[in-house]
Amino acid sequence: MKSSITRAGIAAATGALLLLSTACTSTPTPAQKALTPETTDEFVPSWAKNVVWYQVFPERFNNGDPSNDPKLEDLTGAWPTAPDKPWDISPWTSDWYELQPWEWATGENIWWNILRRRCGGDLQGIIDKLDYLQDLGVTAIYLNPIFMSPSLHKYDGESYHHVEPIFGPDPAGDEALIATENPADPSTWVMTSADNLALELINEVHKRGMRIIFDGVFNHLGYNSWPFQDVVKNQQDSPYKDWFVVHSWRDEEAGTEFKYQGWFGVDTLPELREDENGIVDGPKQYIFDSTSRWMDPNGDGDPSDGIDGWRLDVAFCVDHAFWKDWRKHVKAINPEAYLTAEIVDPIPKVKPYLQGDEFDAVMNYNFAFTSAEFFIEEEHSITPSEFDAKLRDLRNAFGGGVASVQQNLFDSHDTNRIGSHIVNRAHGHYRDWGSYFNNSKAENNRNYNTRKPSDADRQIQKLFVIFQMTYPGAPMVYYGDEAGMWGGNDPDCRKPMVWPELTYQRETTLPTGAKFSPGDVVAYDHDMASHYRKMIRIRNNHPALRTGDFETVLTDDEAEVYAYRRIAPRENILVVLNNSDQPRAVSLPVGRGQVFTDLLNGGLLAAEGTTLTVNIPARWGAVLNLEK
């Protein structure tokens, strides 16, 4: 019998939380504690220095094929488990906090019902929007998990070698094909219609000169996974009994129940067992075989038809020894593969993962924390000189070219969106993630404001984007930020994408169920999208902004102005940021008589002697390219 699942545990675990490494249940081994000497030789793929990332949450990005929309039985095994309660597909354009008729009929509250919602996003929907992403300037896509799973987030995988059937064109046919396999024997693995559509997606991405990486969740599987279900059925007689951390077996005579270790105590996420060498041999081989399947689908030694790398979920919960072996396996398939990890920790704890024998980069939450302190947060605000110092520490922390390929994000599927962060800037400290994670959820914090960002709030977001697109590293945009989407932390950061061709209901409902009038208009923000498009194009068109050296030019704490230079062999670009709520006339030291083109605002600016004066509106910037 399946052991009980706590509401708090599920709420904490939906979507691979950004937890500190001390929260993991695995015990650090000597391999974890040892630090490899930092390398100065570059080990990162060169292409990863030049990309702009876009994160896609598949179930909520675009419904390209309504014929494969989920049915109630497709939710089996996902919390909340309620097969006898009313359910239907959720309208893509509905008022987010308004309960649908079938949700009212469940007798449960908004938060319970939100976790049951499915909107029908699928792989065809992503393919259909690749031209949109290309027009935006995106050159690399990070997909949240697409492998078989009953949840909307799919961090509770049933397998690593099959795409979720309802993401493809023939769910029933795929289920029948999968049933013919011996999942433990890769020679019996079939390619389903959903698997083939994933390969088509990869091909379409590559045809556009873009890259794509998948989300690897290798710390745990889902309760529905094929090896764990065999253990549930056959207990210690299962050939997969050593794959998991089992505390006791079901034995009626002895009076014992089946108990096992779930990730963060959540029973739907049984952890894979580790020893001194990392994940044990059985699941390790399965992970390696699945890795090969998606990186070289034809198995012909040519990885061009496979994914370009991986993002590794809760990487800090898996022993270093495993990651070292896995990197060797990945790089043997494709030496140019990109590996980035979810590690949310201070620099000293991040360093061991970025020494050239594990990952190339991390999702750069330290960049996000520092940016929030400078651009957004009030109680924990920092000056330009403090901002510069923190950036320098982060930039210089890692060798091997890491700083150039870090995924410089602000928000993700595990955070509140940047727009709502700005709305709620008067309280909370992003860097204090342990408490901020819960404080940024409208479900937990009654004072969390769920309103639409104002024009003034939008201006702060735009200023951050100017910085993000001109700073060293690889910027990453969370789907819909460019469209002006807003929302608190999970689940509100996972609303259906706002598309310009769709008409959405106003948000007139509060999380409490109370109504407010006239409500917030939900529509694609063309002005914000134009700003993202312009800044991404500026970055893509100028090598100095992608791979150039960085040099601080000005930190004016009183005026709240920060300026820096990006330098490449044939480019010299000055970036000036006015983080104050007043216009500023900024004087910068330059070469005598130099002339600059303002790539952001237009026009030419000429130095008077060796001083360049730039007039910058409040919460705005300039991107000045030296004319030759």
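The structure is a predicted model, in which local features need pLDDT of at least 70, side-chain atom pairs count only at pLDDT 80 or more, and totals for chains, interfaces and linings use all residues. Residues are numbered from 1 along each chain as its sequence is written, and side-chain values use heavy atoms, with hydrogens and water left out.

**Confidence**
- The protein chain averages a pLDDT (the predictor's confidence in each residue, from 0 to 100) of 94, and 94% of the residues score at least 70.
- Residues 1-23 stay under 50 in pLDDT, and residues 25-38 are also below 50.
- Where pLDDT is low, the predicted coordinates should not be read in detail.

**Nonpolar cores**
- A nonpolar core is a set of buried Ala, Val, Leu, Ile, Met, Phe, Trp, Tyr and Cys residues joined through side-chain atoms within 4.5 Å; buried means under 20% relative accessible area (1.4 Å probe, protein chains only).
- The largest nonpolar core has 176 residues, and Y54, W310 and W326 have the most contacts inside it.
- Twelve of the twelve residues of α13 are buried.
- A second, separate core of eight residues includes L99, I110, W111 and Y448.

**Backbone geometry**
- The peptide bond from W79 to P80 is cis, with omega near 0°.
- The bond from D490 to P491 is cis, with omega near 15°.
- Phi of V314 is near 30°, a positive value in a residue other than glycine; V314 is buried, at a relative accessible area of 0%.

Methods:
Buried < 20%, exposed > 50% of the residue type's maximum accessible area, 1.4 Å probe, protein only. Contact = heavy atoms within 4.5 Å. Helix = DSSP H or I, 4+ residues; strand = E, 2+ residues; numbered from the N terminus.
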